[in-house]
Amino acid sequence: MKLDGTTIVAVKRDGKTVIAGDGQVTMGQSVVLKNNAVKVRRMYNDKVVTGFAGSVADAFTLSARFEEMLQKFSGNLLRSAVELAQSWRTDKYLRNLEAMMIVADKEKVLIISGDGNVIEPEAGICAIGSGGNYALAAAKALVANTKLAARDIAIQAMKIANDICIFTNSNLTIEEV
């Protein structure tokens with residue numbers, strides 16, 4: 001039984017980076033299992049923020065691995081992300097995990113995926129999960145056409161995704177670095 005349904009968005013603007021995620025966990029296509037899951041959290045002495053989408057157990061496994069990499073590489077976000085992506089792709093156990101992560105510190109925002117990719121998005125805006133494309137489009141439009149702060153853009157983008165995607169709710173967790 002696959003448990004998923006989430007939206008995570010990251011917005012970097014004016015020296016602030018915000019990651020916001022909804023709280024919905026869905027079982028199959030028709031049952032909301034939980035409304036208040038926390039899929040965005042701080043790591044490495046609160047200097048790094050992560051958000052995950054996909055299978056819940058897989059995402060927790062990857063979050064723990066990423067935290068180990070941050071410790072191993074003294075908080076170097078890019079190095080930790082690349083090492084996680086490499087082990088995710090080549091490790092017999094990890095390569096079967098179904099999840100994605102957005103990770104960020106004060107300087108960088110990155111998407112880490114199970115196919116070995118570490119992507120630094122254009123303009124510091126990215127999103128993942130079932131409502132990710134909706135949140136991404138909304139965030140890009142808000143950055144281009146408003147002077148809103150990163151936090152406000154992330155909140156508005158999540159509200160728009162919530163209005164469109166049935167796998168996204170309005171119970172948000174928001175972290176800023």
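Modeller: Two strands are said to pair if DSSP finds at least two bridges between them. The strands themselves are DSSP runs of E with at least two residues, while helices are runs of H or I with at least four, and both are numbered from the N terminus. The model is predicted, so local features need pLDDT of at least 70 and side-chain atom pairs count only at pLDDT 80 or more, whereas totals for chains, interfaces and linings use all residues. Residues are numbered from 1 along each chain as its sequence is written, and side-chain values use heavy atoms, with hydrogens and water left out.

The sheet is open, has five strands in the order 6-7-8-9-10, and is paired antiparallel. Its edges are strand 6 (40–43) and strand 10 (118–119), each of which pairs on one side only. In general, strands of a sheet pair through backbone hydrogen bonds, either parallel or antiparallel.

Strand 7 (residues 48–54) runs antiparallel to strand 8 (residues 99–104), and six bridges join them.

Strand 9 (residues 109–113) has five of its five residues buried, that is, under 20% relative accessible area with a 1.4 Å probe and protein chains only; exposed is over 50%, and partly exposed lies in between. In a regular strand the side chains alternate between the two faces of the sheet. Strand 9 is covered on both faces, with Val 109, Ile 111 and Ser 113 buried on one side and Leu 110 and Ile 112 on the other.

Two bridges join strand 9 to strand 10, again antiparallel, and Ile 111 stands opposite Ile 119 of strand 10. The hairpin between strand 9 and strand 10 has four residues between the strands, and Gly 116 in this hairpin takes a positive phi near 95 degrees.

As for the context, the chain has four helices and twelve strands. Its radius of gyration is 15 Å, close to the 16 Å from the globule rule for 177 residues, so the chain is as compact as a globular protein of that length. That radius is taken over C-alpha atoms, and the rule is 2.2 Å times the number of residues to the power 0.38. Of the 177 residues, 47% count as buried.
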